[in-house]
Structure formats: structure tokens, C-alpha cells
Amino acid sequence: MKPINICLVGQKFMGRTHSNAFLKVGKFFDCPRDPVMHTICGRNLAELREFQSRWGWKHATTDWRAAVTDAQIHLVDIGTPNHLHKEMAIAALEAGKHVACEKPLAGTLADARDMLVAARRAKQSKTFVWYNYRRCPAVALAHQLARAGRLGRIYHVRAHYLQDWGGPDVPLLWRFQKKYAGSGAHGDLNAHIIDMARFITGDEITEVVGSIAETFIKERAIVDEGPRGGIAGGTRGAKRKGKGDVDDAVLFLARFKQGAIATFEATRLATGNQNKNGIEINGDKGSIRFNFEDMNYLDYYDATAERKVQGWTRIMATHAPDHPYAGNWWPDAHILGYEHGFINQTADMLNIIAGKKPVVPMPDFEDAYKTQQVLEAAIVSAEDRRAVKTAEME
Ligand SMILES: NC(=O)c1ccc[n+]([C@@H]2O[C@H](COP(=O)([O-])OP(=O)(O)OC[C@H]3O[C@@H](n4cnc5c(N)ncnc54)[C@H](O)[C@@H]3O)[C@@H](O)[C@H]2O)c1
């Protein structure tokens with residue numbers, strides 16, 4: 001089997017999920033290409049060496065530019081903070097690599113546009129964006145039901161992504177600084193639910209009707225990142241403070257092209273909700289609802305059934321081979337987790353590179369740019385206090 005030599009940049013939170021996916025995918029899927037964990041790249045060589053030996057990467061380096069343009073590399077995978085996505089992706093595309101990039105596509109629309117232009121130019125390269133929730137079997141099933149017309153005409157999309165880790169004790173990570181992240185809960189969490197809403201409905205958001213953004217915690221302690229980066233807790237010993245200049249929460253209302261109206265809510269301060277990534281969609285033939293904290297289930301309401309037996313059906317989306325991806329995993333109801341979405345996505349990326357069809361549509365730079373336009377429209381709407389068409393966000 002032809003190998004795909006991978007260079008992964010970033011070895012903390014997403015570095016672990018992606019490494020795990022590359023390690024496992026060939027054990028559970030019949031892949032058309034052999035993913036080879038060639039080079040892991042980050043900033044701290046001592047940490048990288050430990051990571052390399054734990055996960056089985058062949059090489060480790062702190063020189064990302066040399067790594068992503070190395071002639072031996074076929075696929076560059078970007079798991080770094082948002083401000084670095086553009087430079088890394090464009091360098092890799094210009095060197096003829098396939099590129100997988102973490103979401104959001106970029107911190108800003110301008111960066112995302114440059115990446116899109118580079119992707120359009122690199123005709124031999126495939127691009128992928130890690131909107132991994134598409135590949136939770138229950139979400140993929142929701143997409144299939146909607147595509148099969150089981151929801152009928154869609155009236156409402158109600159999406160929320162609620163977390164509560166972003167309180168005042170959390171230090172000034174890159175995630176709270178505009179120059180690195182672009183935005184806060186918005187690009188981090190709304191990005192996922194915008195993608196999920198577009199994916200399930202198959203429709204596009206044409207207008208953000210109104211948006212509200214709030215930064216509740218304006219100063220945070222400056223400390224070193226924890227060894228796993230990202231959501232490192234604690235500010236003990238911190239003497240200096242810095243300005244957190246991104247939103248903690250963004251809520252917005254939107255319209256879809258085919259007429260549905262929608263609400264989106266993202267926050268890092270929804271006390272009691274750790275990772276409540278949820279969506280409900282109501283159509284004239286049926287509804288679906290999903291909550292990632294109970295990710296193996298999809299709730300489905302069939303409004304075409306006889307009225308006296310209508311009710312929500314709780315579907316455990318793990319029946320092989322009827323449910324998407326389920327056949328590659330365990331017997332029915334033996335439960336999948338967060339990491340399986342990344343492994344499922346990796347299987348589909350390898351299929352696409354080999355010219356095969358993914359199980360459900362894959363977001364590439366073209367697709368992720370549309371999500372980025374909606375993100376931008378919501379930012380402009382909050383700043384200008386007006387309705388904003390996504391088409392204005394070119
Ligand atoms: N798909 C998802 O569900 C999901 C979840 C979390 C984060 N993300 C996205 O993944 C990306 C990374 O987030 P994270 O949580 O893994 O962050 P993190 O802080 O845990 O890790 C960032 C990594 O980038 C590396 N890095 C930073 N600057 C670098 C440089 N100049 N050269 C080389 N490496 C560099 C760091 O060393 C670290 O290994 C972000 O775009 C984020 O939005 C996606």
C-alpha cells in the first residue's frame with residue numbers, strides 16, 4: 001500500500017487527538033493509503049522528544065518551515081493556534097502537500113481568504129478542516145436523515161455550544177488573545193455549531209440578523225502554559241496580569257437560504273455545562289436533536305407517523321452496518337467517544353486522497369471558508385448593531 005508521510009505541527013491538545021487518529025485508523029479501517037507518522041513539530045524540543053517516543057513519531061523538530069516543505073512529506077496537519085494556520089498552510093500548499101488544518105480555518109476572514117486562494121491554486125493538493133463533530137455517528141446520521149428528506153422543510157435550527165472552563169482563574173492562554181485566536185468562544189465554539197448546522201441541513205446561512213458579544217473577564221493572570229497546553233488550570237504564583245481581548249460569549253440569530261431561521265449561542269461561562277455541543281432542528285416532517293455530552297444518541301421525531309404514536313425516538317447510533325462508521329468499531333451499544341470522530345475523519349481523508357468517496361461530506365478550505373464568512377458576519381453584526389448578509393463578507 002502506498003504510504004502517506006505525515007507531518008503534524010502542534011503536539012498538545014489537538015496534537016494528541018490527531019496522533020491517536022493516525023495511530024489507530026489503520027487498525028479499524030481498511031485504508032487505501034498507509035498513514036506514516038513521519039515528523040512531529042512544535043516549539044519545545046524536550047517535550048517533543050517525550051511526545052515522539054510516546055506516540056511513535058519517527059522524527060521531531062522545532063523547525064516547522066523545513067518540516068512542512070520536506071520532500072518526503074505528503075500530508076501536513078496543522079494543530080497550532082489560529083494565527084499560525086495561514087502561514088503554515090500556504091507554505092505546505094506551495095510545496096505541493098495535502099493539508100489538514102484545525103478549525104476555525106483561520107483567526108480572521110482575511111487569513112482564511114488567503115488560504116482559500118492558495119488551496120485553489122494548488123490543484124493537486126487536497127485540503128481538509130477538522131470539523132470533527134461531523135463524524136460522530138449520531139451527527140452523520142442526522143445529516144443522512146435530513147438528506148433523505150426525513151425532516152422535510154426545515155423551519156428552525158437551534159444550536160448551542162456551552163462550556164464553563166473560562167472563569168477568572170484561567171490564565172491568559174493564547175485562546176484569550178485576539179492576535180493569536182482571532183476571537184474567543186465565537187471562533188472556538190460557534191465555528192463548530194455553524195459547521196454542524198450547515199452540514200446537517202445542507203443549507204447555507206445567508207444573513208446574521210443580530211448578534212451580541214460579551215467579554216466578561218477583561219484581565220487574566222500571565223503564567224506558563226501547562227504541559228498539555230490549552231485548558232491548563234490555575235494561576236498560582238502569577239504576579240502579572242494581561243488583557244483578555246476576545247469574547248467570552250457570542251449569541252446570534254440567522255437566516256438560511258431555504259428559509260429556516262436559527263439561533264446560535266457559544267460561551268465559555270455556562271456554569272455547569274462542560275462540553276454541551278447541541279443542536280435541534282425542526283422540520284415539517286420531523287425533528288432531530290443532539291447533545292455531544294451524550295454523543296452516541298440521536299433523538300429523532302417522526303411527524304409523518306400516525307399522530308397517536310408520535311414521539312421522540314432515542315436512537316443509539318451504533319448499529320453496524322446501518323449507522324455511519326459504526327461497522328468499523330464495536331458491537332452495538334459498546335459506545336464511542338470523542339477520539340472516534342477524529343479517527344473516522346482520518347479514514348475519510350485517506351479515502352479522499354486515494355480518490356474515493358468519504359462516508360459523509362468532508363469540509364475542505366472551500367467549505368470552511370463559508371463557515372468563516374458566517375463567523376465574520378456575526379462579529380460585524382455585533383460591532384455595528386445591524387443585520388449583515390454573509391455575501392458582504394467576501
Ligand atoms: N477540532 C476540535 O474539536 C478542536 C479542539 C480544540 C482545539 N482545536 C483547534 O486546534 C488548534 C490548536 O489548539 P490546541 O487546543 O491543540 O492548542 P494547544 O495550546 O493545546 O497546542 C498548540 C500547539 O501548537 C504549538 N505551537 C505554537 N506555536 C508554534 C510554532 N510557532 N511552531 C510550532 N508549533 C507551535 C504548541 O507548541 C502546541 O504544541 C486551534 O486552531 C484550535 O482552535 C480544535
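**Domain contact and a buried helix**

In this predicted model, the protein is divided into domain 1 (3-132) and domain 2 (134-336 + 366-384).

Student: How far apart do the C-alpha centres of domain 1 and domain 2 lie?

Tutor: The two domains are taken as residues 3-132 for domain 1 and 134-336 + 366-384 for domain 2. The distance between their C-alpha centres is 24 Å.

Student: Which element gives the most to the side of domain 1 that touches domain 2?

Tutor: On the domain 1 side, 19 residues are in contact with 23 residues of domain 2. Two elements give two or more residues to that side, namely α1 (13-28) and α5 (109-121). The element that gives the most, with three residues, is α5.

Student: Why is helix α4 largely enclosed by the rest of the structure, and which residues of α4 are buried?

Tutor: Helix α4 spans residues 85-94, and it is largely enclosed because seven of its ten residues are buried. The cover over these buried residues includes β1 (3-9), α3 (64-69), β4 (75-78), β5 (98-101) and α5. The buried residues are His85, Lys86, Met88, Ala89, Ile90, Ala92 and Leu93.

Student: Which residue just after α4 takes a positive phi?

Tutor: Helix α4 comprises residues 85-94. Just after α4, a positive phi of about 85 degrees is taken by Gly96.

How values were computed
Residues are numbered from 1 along each chain as its sequence is written. This is a predicted model: local features need pLDDT of at least 70, side-chain atom pairs count only at pLDDT 80 or more; totals for chains, interfaces and linings use all residues. Domain bounds come from an automatic or database domain assignment. Two residues are in contact if their C-beta atoms, placed from the backbone, lie within 7 Å. Helices (H or I, at least four residues) and strands (E, at least two) are DSSP runs, numbered from the N terminus. A residue is buried if 20 or more other C-beta atoms lie within 10 Å of its own, exposed if 12 or fewer, and partly exposed in between; C-beta atoms are placed from the backbone.
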